[in-house]
Amino acid sequence: MTRARGADRRASIVRAAFEVIAERGYRGTSLAAVAERVGLTQQGLMHYFPAKEDLLTAVLETRDEWDLLHFGHAREGDPSAMTVNQLADLVDYNATRPGIVQTYTVLSADSVTEDHPARKYFQDRYARVRAGMTQMLERHRDELPPGTTPEQLAPLAIAILDGLQLQWLLDPAEVDMSAGFRTFLTLLGVKPD
C-alpha cells in the first residue's frame, strides 16, 4: 500500500510540474512552485525528486509515454509503430505546448555535459527515436531520394525536428514548425501514410 501511495504521489507531482511548466516555462519552474501546487513542502517534494532536473526528466519521460499512447501506436511504447501522419500530428500538437517543448529543448542541450542527471535519458531517447525513425522511413524506402537510406536520413529528420522546435521557441511568429516539417517530408519525397 505504501508503494502505491508513493507512485500516486509521484504521478501527482509530475502532473503538477506539467501545469507549472506550461504556465511559467522551464526557467520559471521551481521545486517550491510544484511542491505548493501538490500541497507539499519543498523538502517533501525532494523526497521524491531530489533535484529540479530529476523532476523535469520525469516530466519528459511521462510526456513520451503520453505521446505514444495519444498517437495510437500499435504497440504501447514503441516509436517504430509511428506513421508519417502521426509524426506530423505530433509536431502540430507540440506547437500547442511551448512550455514542454522549451523544457525538452533546454534539458536536451544541458544534458551534453558529462555529469548531467538527464544525460542517460537523452542518450537512450535519441537511440530509441533514431531506431523508430529508421523503421518509419524504411516503410517509405522507395520514395526516398536516390542514394539515401533510412539509416542515413533518420538522424537528419530528428535534427530537423529539434531545430524547428528551437527556432519556433525563439521566434514563433516567423517559424511554423508544422509547415516546416511537412516541407521537409516533401523534400524527402515521403507521402502521408
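Modeller: Before the counts, a salt bridge here is a side-chain nitrogen of Lys or Arg within 4 Å of a carboxyl oxygen of Asp or Glu. This is a predicted model, where local features need pLDDT of at least 70, side-chain atom pairs count only at pLDDT 80 or more, and totals for chains, interfaces and linings use all residues. Residues are numbered from 1 along each chain as its sequence is written, and side-chain values use heavy atoms, with hydrogens and water left out.

Biologist: Fine. How is the protein chain divided?

Modeller: Into domain 1 (1-49) and domain 2 (50-192), with bounds from an automatic or database domain assignment. Their C-alpha centres lie 25 Å apart. The contact (heavy atoms within 4.5 Å) takes 16 residues from domain 1 and 19 residues from domain 2.

Biologist: And how many salt bridges between domain 1 and domain 2?

Modeller: The count there is 0. The interface of the two domains does have 2 residue pairs in polar contact, both at pLDDT 80 or more. That term means a pair of N or O atoms within 3.5 Å; within protein, one must be able to donate a hydrogen and the other to accept it, and residues adjacent in sequence count only if both atoms are side-chain atoms.

Biologist: What area is buried between domain 1 and domain 2?

Modeller: About 1500 Å², with carbon and sulfur atoms giving 76%. Buried area is the accessible area (1.4 Å probe) that two parts lose on being put together, summed over both. Phe 18, Tyr 26 and Phe 49 supply 49% of what domain 1 buries against domain 2, more than any other three residues.

Biologist: Switching topic, how many salt bridges in the whole structure?

Modeller: The search finds 10. One of them joins the side chains of Arg 37 and Glu 19, at 3.1 Å, N to O. Arg 37 lies in helix 2 and Glu 19 in helix 1, so the pair ties together parts that are 18 residues apart in sequence. Helices are DSSP runs (H or I, at least four residues), numbered from the N terminus.

Biologist: Where does UniProt put the "DNA-binding region"?

Modeller: At residues 30-49, in an unreviewed entry; such annotations may be inferred rather than shown by experiment. That span is 75% helix and 0% strand, with its end C-alpha atoms 12 Å apart.

Terms used:
Helices (H or I, at least four residues) and strands (E, at least two) are DSSP runs, numbered from the N terminus.
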